[in-house]
Structures are given as structure tokens and as C-alpha cells.
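Trainee: I have a new structure to read. Please walk me through it, one feature at a time.

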Amino acid sequence: MYQFSSKLKMFSIILMVAGLLGMAYGFINVPKDTHAMEEILNAQSQGHDTHATADSHAKKDTHAEDSHKVASHDNAHVGKDEHQEHLEHVLKQYKNKPWSAFFITAFFFFMLSVMVLVFYAIQWASEAGWSITIFRVMEALTAYILPGSILMLIFLFASGFHMNDIYVWMGDHAAHDELIQAKKWWLNIPSWLIRSVLYLAGYNIFRYFLVSNSLKLDATKSYKTYIRNKNIAVGFLLFFAVSELFLAFDWLMSLDPHWFSQLYSFYVLASMLVTAITTIAMVTIYLKSKGYLPQVTNSHLHDLAKFMFGFSIFWTYFWFDQFMLQWYSNQPEETVYFVPRLLGAYQLPFISMLVLNFVLPVLILMSSDFKRLNWFIMIAGLSIIVGHYTDIFVLIAPATVGDQYSFGIPEFASILFFLGLFIFIVFRALAKVPLQAVGNPFMTESENFHY
Amino acid sequence: MSHKIVRAIYDDDDVLLKAVKEVRDNGNHIEEVFTPFPVHGLDKAMGLAPTKLAITAFIYGLIGLFFSVWMMNYMMIQDWPQNIGGKPSFAYYQNMPAFVPIMFEMTVFFAAHLMVITFYMRSKIWPFQTASNPDPRTTDDKFLMEVTLEGNEDDLTSFLTKTGATEVSIAENHDNH
């Protein structure tokens, strides 16, 4: 049995409290109206006097491409009207900031634990033998799905009830926008909320049955339970494969409602799957360093590291595929996605995450010997997790806060809060059950697994 | 240098793997093992040095990567810039995304082919090479272990029989593998 040490518990609670305070500050600190907004912008341009001209040029460029200005650029506003409109636009982005920070991190941790469940279900469905010794780690990581989906629901309903302007297609502009109107049969608030609830309910129900059956197996050791859980895992994978396609469309791709990409859902899947496997490896290494999980050898970690290596390349493949096709065809409605990311304000995170998500993991984890060393897995894992957080940030932020993005207190606080909650939930779940799934028929195979 | 060797034939890979460990524990030197298929763990049991093929594959991959960079630069930028889909063709870095698939393929092509050729050369398998396995049955269902003969002939023969060998014979070895 694992003991949730009071030190770690204290640490996670401090993270949560600090995060909550920071997030509350973020929500309170938004500018109230356009006058307050103007003052902020004036203060900014005085602060950056030296490159003020370059700044305003860059702002104009990205502004024209911004998907927020959907309807209004046909009627040419001039002078004061345009200035006022710009202020309102920037004010919306500023108001979105704390919500966007919440959304990015909530989605990151929620999807991470769903992907752990996917990886876990793959082990069941394929009757894998090697991974049984780390089953309890995976099960504990999926415990976050329930609180994670509640927090996601809070955000989704807040968006659905117009408490923020994260989704443009929900806003006032959408009524004059032909493209959004054409998608209205799918993208409308009631059905969007119903679908979201369905995804979340589905993942929670499947998680409940998969994990409770696995625990039941410890006592019964019956073959029937094993086969039943295998069938549930297959059912979950089918449900997930379909629901994730729509989930990524509804929650993320609809942020840029004019833009579309067919492999977007797979891109999100690849990004979060490699993060999930990395998290499994890192938690396993942490537990091993505390003296738990003696059955887990470096052969098991070697296999996890191989998945980290492989899925990092898998992610890069999608990243580049999506980019190259749209770069080559050069259609305005497609390039609108890449302008803020590749050329605009997000250039640095967009390019640097390639180093974190591809170059570093590939070089660090290429050698077979390095995959067996915990420190190398930890370094590569840190790079992967930071890189894929950046990835989610760059997926969401350009559409919600545009070129007004910054990485300040609300963003940092949301990471602290969700990380603290994640640690608290996962390790509390880990402490509740024995660390080895002794009832699994493949337990011996897993213990004797060696590469 | 010519010396005497003992050839022991086994008919099961698990028995062979166990026998290899026993023979090495007994202090005998195993010169070579011939098997009809790759036996997992045999290299470790025989105490062979880990393969350096992976390092050569990495180097070949890098060569392929740089070759493709040079090749596309020469073909598409220097020698005859072509306007494909209006993409900029006067600077390598501007047109680079279009070359990434070629860079990838060349890396794989060089790594794979040169690695196979290296493996053949290292294993002394080249055209017109005659088979070096002493017994044709090792291409079918038998495993053959060659042990250097040191000390008493009969002792070693009976020891090998005890490890599970179905046949044991003595031969002269003329070349060093």
C-alpha cells in the first residue's frame, strides 16, 4: 500500500490555494470598460516607446487576420468609430484572459487523464502482459477524470451562457457571418452543451466500470471478470475513437470557426497521448524512487520510454502534415490559422515547442541504453510535458486572447491550481488500493518481463 | 592457427541456450553457434559485445539527411529553380517545408540500406561467398555449437552430451571466426 505522505499532500494543497488566489486575482483584475482599456493600452505603448511603431504595425497585421473581426470589416469604419471598435475588441480579449488560462490548463489535465484511460484500455483490449505491474498507477491517474470533467463543465456552461467570449460563434457577430450560419446546424449552443455532457459522462462511466472491475479481479481472480473488463475496454476505445473526433472539433477547432483541418482531432490525440504516457512514466519513476513498486524494472520503463519516443515522432508527423498541406495550397481560409502562430505573436512558442516536443525527446531517447535510465526519462519527460502544454496553449490562446496574450499571474496560477489538484487526486487514489493488480492473470508475465 | 574444436549438435533452442550458459560456466570457450533462426538472448548468453550497428545507422541517417539537403538545394534552388504552386524558389530556407518529406525519406533510405550492407559486410556475406556453416542441417532444424578443445577430449565430449547435445564430433579449425 502506498502512503500519501503529508509533505506531498501539503505541497499539493499549497499549490491549489496559491493557484486559486492567483486565478481569483486574474478574474477580478480585468479592465471594466473601454476607458480602463484605453489607459492600459496607453501605458503599454509608453512603456515600449522604443519599438512602438514596430509594435503597432505587428498589431495591425495580426488584427486584420483575427477571426474575432468576423462581420465588421466590410463596412469601413473610420476615425473614432474604428478606434472605439478596436478598444472593444481588445477589451474582449482582456476579459477572455483569465477564462482562457483556466480553459487551457483544465483541458490539458482533463485530456491527459482521459488519454491515460485510453492507454490503459488499450492494454486491456490487446491483453498486454508487460504492463500489469503499472496498472494501478494508470488507474490512479484516471481518477482525475471526474474532478477534471466537473471543472470542464463549469467552463463549458459558463461559455454557453455567455459569461465569456471564448467561442466567437456564440457571440453577436456570428449572426452576420455566413460561414458560421452554415455550420449552425451543428454549432449551436444547446446541442454543443448536450454533446459535451455526453462525452464527459461517457468517459466517467467507462472509467468507473473499467477500474472497479479491475479492483474486483483482485478478490475474485475470475476469468469471467477479466473477459468482461476486456470487452468494456474495447467498447470504450470505440466510444473514444468516435467521441474524440467531435470533442476536438467542438471544444478546440470551433475556436476558429472559419478554419478547418481534417487531421486536427488526431493531432490533439497525439499531443495528449504522448503527454499521458510521459506522466505514467514519471509517476512510476517517482514511486520507485520512494521505494514502492519493486516489481517494476527498467524493462517496463524502457517500454514506456519507447512509447514516449514513438509518439513524439507521431505528434511531429501530424504537426508537419497539417502545416505543409495548408502552406502549400495557400488558401486564405486555411492560412488564417497559421498567420498568428507562424508569423504573428505566437511565433516563439509555436517554433520552440518543436524543439521541446521533437528534437529533445528524439535525441535524448534515441539510444536503447538511455531509455533504461530514470534520469534520462525524467529529462525527456519534462521537455515533453512543457512542450505539449505549450502546444495546447498555442492551440487555444490565438483564438481567445489573440495578440494580447501574456504569460502572467492568471496563466501561471491556473497551472499551479490544476497541478495541485491533479497531484492531490491522483496520489489520494493511489493510496486507497494495493499497488499491484495481483488478480490479473498476466501478473506473472509482467513480473518476469524483461527486454 | 589450426587447432581442434568440438562440434555439438542440439535440436532445441531452449536446450541450446541453457547449454551455452553451462559450457561457459564450465570454463570452455565457445567459438561460434550456428542456428536456423535468431535465438533471443543468445548473444548475451555467449557474452558477445553489444552490436555497434545502431551507431552506424545513426551516422548513415545523418549522411542521408545532409545529402538530401544538398541534393534539393542543388536541384531546386541552384541549378534550375522551378516555380511550383508559386512557392518561393530562390532561397533554400523559404522553400524548406516542401523538402522535409524528401529529407525524411533520404534519412530512412540511407540508414536502412547502408545498415543492411554494413551488416552483410560485417557478417562476411557478400556475392559468391560460400556457406561457412559446417553442417547443412543448421539451416533446417539443428543448432550447432563449436567449442575449443582444451584438455581431455573424452571429458569434454561427455560433458557436452550431458548438456543435451544429440551429436558430438571433433574437427580441425583452420580459420578464426
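**Where the chains meet**

Mentor: The contact takes 6 residues from chain B and 6 residues from chain A. Two residues are in contact if their C-beta atoms, placed from the backbone, lie within 7 Å. Helix 4 of chain B gives the most to the side of chain B that touches chain A, with 3 residues. By class, that side of chain B has 4 nonpolar, 1 polar and 1 charged residues. Ala, Val, Leu, Ile, Met, Phe, Trp, Tyr, Cys and Pro count as nonpolar, Asp, Glu, Lys and Arg as charged, and the others, Gly among them, as polar.

This is a predicted model: local features need pLDDT of at least 70, side-chain atom pairs count only at pLDDT 80 or more, and totals for chains, interfaces and linings use all residues. Residues are numbered from 1 along each chain as its sequence is written, while chains are lettered from A and ligands numbered from 1 in the order in which they are written.

Trainee: How many residues does helix 4 of chain B have, and how far apart are its end C-alpha atoms?

Mentor: Helices (H or I, at least four residues) and strands (E, at least two) are DSSP runs, numbered from the N terminus. The expected span of a helix is 1.5 Å times one less than its number of residues. Helix 4 (residues 92-122) of chain B has 31 residues, and its end C-alpha atoms are only 38 Å apart. A straight helix would reach 45 Å.

Trainee: Where does helix 4 of chain B bend?

Mentor: A bend is the angle between axes fitted to the seven residues ending at a residue and the seven starting there. Helix 4 of chain B bends by about 65° at Ala98(B). A proline, Pro101(B), follows within four residues.

Trainee: Which residues of helix 4 of chain B are buried?

Mentor: A residue is buried if 20 or more other C-beta atoms lie within 10 Å of its own. In helix 4 of chain B these are Met106(B), Phe110(B) and Ala111(B). Their cover includes helix 3 (53-79) of chain B.

Trainee: Which strands of chain B pair with strand 1?

Mentor: Two strands pair if DSSP finds at least two bridges between them. Strand 1 (residues 3-10) of chain B runs antiparallel to strand 4 (residues 167-173), with 7 bridges. Lys4(B) stands opposite Glu172(B) there. Strand 1 of chain B also pairs with strand 3 (residues 143-148), antiparallel, over 6 bridges. Here Tyr10(B) has Phe143(B) as its bridge partner.

Trainee: How many helices and strands are in chain A?

Mentor: Chain A has 17 helices and 0 strands. Of its 451 residues, 43% count as buried.

Notes: A residue is buried if 20 or more other C-beta atoms lie within 10 Å of its own, exposed if 12 or fewer, and partly exposed in between; C-beta atoms are placed from the backbone.
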